[in-house]
Protein chains: 2
Amino acid sequence: MKIRLPGGFQASGIISGIKKNGKKDLGLIYSNIPAHAAGVFTANCVQAAPVLLDKERIRTGRCQAILANSGCANCCTGDQGLDDAKKTASWIASGLTIPEGLVLVASTGVIGEYLPVGKIESAVPNLIDSLSSGGVFDFAEAIMTTDTVPKVVSRRGEINGKSYTITGIAKGAGMIHPNMATLLCFLCTDIKTTSGVLHRMLSKSIRRSLNRITVDGDTSTNDTALILANGFSGVSVETRDEEELFQNRLDDVLLQLAKELVRDAEGATKAVEIIVRGSESDDKARRVADTIAGSNLVKTALFGEDANWGRIIAAAGRSGVSIDPDKTDIYFDDVLMVKNGCGCGKDAEARATYVLKKPEFRVIIHLGKGEGSASVLTCDLSIDYVKINANYRS
Amino acid sequence: MKIRLPGGFQASGIISGIKKNGKKDLGLIYSNIPAHAAGVFTANCVQAAPVLLDKERIRTGRCQAILANSGCANCCTGDQGLDDAKKTASWIASGLTIPEGLVLVASTGVIGEYLPVGKIESAVPNLIDSLSSGGVFDFAEAIMTTDTVPKVVSRRGEINGKSYTITGIAKGAGMIHPNMATLLCFLCTDIKTTSGVLHRMLSKSIRRSLNRITVDGDTSTNDTALILANGFSGVSVETRDEEELFQNRLDDVLLQLAKELVRDAEGATKAVEIIVRGSESDDKARRVADTIAGSNLVKTALFGEDANWGRIIAAAGRSGVSIDPDKTDIYFDDVLMVKNGCGCGKDAEARATYVLKKPEFRVIIHLGKGEGSASVLTCDLSIDYVKINANYRS
C-alpha cells in the first residue's frame, strides 16, 4: 500500500548541520492531539541521555511530539547531556505550544560527543514549519546513520468495519542484536487505546521481530522503540479480539521493518534466516540459533558464498546447549547438506552453493532431540562491514 | 635461547599432498622412550575423530609419538573418520615398532572431509626417515593452516642444579576463543614426572595463557593440547617446590605461544590486551573483558586506529555484568581517555590515537566497583580476516 502517516500525524526532517556530511539529521513527529504512548528501551547498562529522559517521561503514558537526531548519540555525556536533551525538548514544546512533558527525544550517532544544541535551536523553527502529513520520508532520512535507504512501513487494518493505519519508521544498519528493543523505531497509529495495552502489544511484537535479528552482536546504548496512538480514526482497541486484530497488523509492520534492517545492514550482501528445529526446548533452540547467527566464521562463509557447513555445526556445538552431532541435519533452503552429522557429498554441495548465491535464503538445523524451535535473521560479514566500521568517526 | 627439542625427542614435517597448495601438511613427534603424557581437549560438543581417539588413549597416561596433519580436520566424518584416525596411527606404530596405543593423532583444516589416508600411508616411511632432533620447525610448518609463521618456543630451566628443556609448538590463526584448550599445541619436555602432575600443570598453564586469548569467538572442534615428558634429563619433578619451578617455565612457554598466536591471528594488524580492573569479582571482570575483546565494533575500530571509546563502554554495558558508567574510566596505555563515563577531550584523544597506531598496546577499563580484575588478549578485525575466511575452502 501507499506509505502514509495515520490521521492526525505530521512529520518533518531537515538539515541542521549535526552531521558532517551535510545530510538530513533532525526529524520531528507531531500528533495534532496528545497521544497515548508506550516505549521499550535498550537493555545496555550504559544508556544515552535521551533514553534516560524518555524512560522518565513515558511513565505518564502520554506523548505528542518526538524530536530525533542522527550524527550524535548524546551518550556518555553526563549531566550536561541530560540538560541538553531537556533543552532541545523544551524548544520543541515552545514552538508547538504543547507541554514540555509531552515531548520525547531520541538520538543516534557517535557516542561521547555533546549534542550541538546551538545548531538544533537554530533549526527548530524550520523543523516545525516543515511539518506535513507527507513528511514521513524526510523524517526517516533524518534518523539514518550508516543506513543506505530510509525504512518506512505502513499498513491499514479494519476493526468493527472502521479502518485505521499503522506507520513505522526505523533506522538500524549496525550495533544490532536481539536484546530488548533494537535501534530507533517509531510507530504511529490512529487507534484509540490505553498506554498499558500499547506497551503489552509493542513488547510482544518486538519479541517476534526486532528481537529476532542480529547484525553484529552489539547492543546499542540508544535503542528506543516508541508507539503513539492518537485515536484519530475513532477505532477502539479494547476487547481481546480487537487487540488480536491490531497485534497482527503491528507484528506485520515490525517484522517488515526488521527484515529491511537486516537487508540494509552494514555491508551486508545477504539476509539469511537461521532456523533451529528439533531442540529440547524453544529456549535452547534460540541459544543455538543465536550462536550460529553471531559466528564470524559462519558470517564470512556466507559472504564468500561457501557452503562451509562445518562452521555451522561447530558453532552449534559451542553454543552451551548439548547437541548430538550424530543426530544433526543441516539444510540450505530445501537442500539436505548434512545428514546425521556427516556431509551429503559433492552433488548436495553443488546444489547448496547455488542456494548460497541467492540474496535471501534459509539455513535449517535439525537437532533431532525434541520439539523446540527458534529462528533468527542474520546477515553476512563482508569486507564493507569492516570498512564502514573502521572509518565510522572519520 | 636457541630453539631446540628436549633430549630424546625428534620431529619431522613433510609434504604428503593433503593440502591443495603443496605445502608441508604431515608432521611427527617421536620420543626415543615412552613418555608420560597428558592432554586437554576442546569443550565443543562437536569433536573431531582425532580428539575422540586421543581422549581414549591418553587415559593410560603414556605416549611415544604424535602424528599431526593440516589440510583436513577429520571432523563430522562419523565411524569412517575414527577408523581413518586409527589406521594412520597404526602405520606410525608399525614404522616405529612401538605399541599402537602409544600413538596420538591430531588434525586441523576443513571440517566434513574425509582424511586422504592413501596419501598419508604413502608418506609415512618418508615421515619417519625424516625424524631428527632438529626437525621441530618442519613439524611446526606441517601443522600450519592460515598461520603465516611457524610457532615454536623453547625454554631451559634448572631444578636441583640439573637443567631440563620445554619446547612448545602451536598453530592457531582463527577459530580461537578462550574455552578449554585452543587450537593445536604440543609440548615436549625431558623432565621426569607422572601424567597426573602433567595434567594438573598443563591445565593451570592453559588457564593463564591459551584461555586468555580470543580471535573470533569461535571454538574449534579439534582443539588439542598435549604434553609429553620423557625423563631424558634425569630431572625429577615431584615436590611442590619442584612443581612450582617447572610450572613457571611452562607458563612462560605457553604465554609466549599465546602471544604469538594473537600476533599472527587471521588478518590481524594489532595485538591488544584488554584489562578490566575495579570489578566486583574476577569472574565479572572476565565477562566484561571477554565482551569487549569479542565485540566486532571494538575490533573494527582497533583496525581503523580509531579511539572510539564509546564502543568499548557500550560493550562493557551489554556484558551482562552491572556496571556504573559514572564510575568507569578507560585508558589506552597510560592515556586517560574516559573519566567517570565522559570523554577527556581532544587532547586526550590525540594522545590515544597515537597509542592506537602501535602494533601492541593495552586498553584498561576501571569499573570503580571493587577489587576484581581480568585480562584478555585480542586482535583487530580487519578486511583481511574477512577475505581469508570468505575464501578458506577455495
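In this predicted model, 51 residues of chain A are in contact with 51 residues of chain B, contact being assigned when the C-beta atoms of two residues, placed from the backbone, lie within 7 Å. On the side of chain A that touches chain B, at least two residues each are supplied by α8, α9 (309-317), β12 (342-343) and α11 (383-390) of chain A. The largest share, six residues, is that of α9(A). Helices (H or I, at least four residues) and strands (E, at least two) are DSSP runs, numbered from the N terminus. By class, this side of chain A has 22 nonpolar, 23 polar and six charged residues. Here Ala, Val, Leu, Ile, Met, Phe, Trp, Tyr, Cys and Pro count as nonpolar, Asp, Glu, Lys and Arg as charged, and the others, Gly among them, as polar.

A word on conventions. Residues are numbered from 1 along each chain as its sequence is written, while chains are lettered from A and ligands numbered from 1 in the order in which they are written. As the model is predicted, local features need pLDDT of at least 70 and side-chain atom pairs count only at pLDDT 80 or more, whereas totals for chains, interfaces and linings use all residues.

How are the two chains related?

Helix α8 (residues 296-303) of chain A packs against helix α11 (residues 383-390) of chain B at an angle of about 70°, and their axes are 8 Å apart. Axes are lines fitted to C-alpha atoms, for helices over the stretch in contact, and angles run from 0 to 180 degrees between N-to-C directions. The two helices are therefore roughly perpendicular to each other, a term that covers 65 to 115 degrees. From α8(A), the contact is made by A:L297, A:T300, A:A301 and A:F303, and from α11(B) by B:V386, B:N389 and B:A390. Five of these residues are nonpolar, two are polar and none is charged.

Terms used. Parallel < 35°, antiparallel > 145°, perpendicular 65-115°, else oblique.
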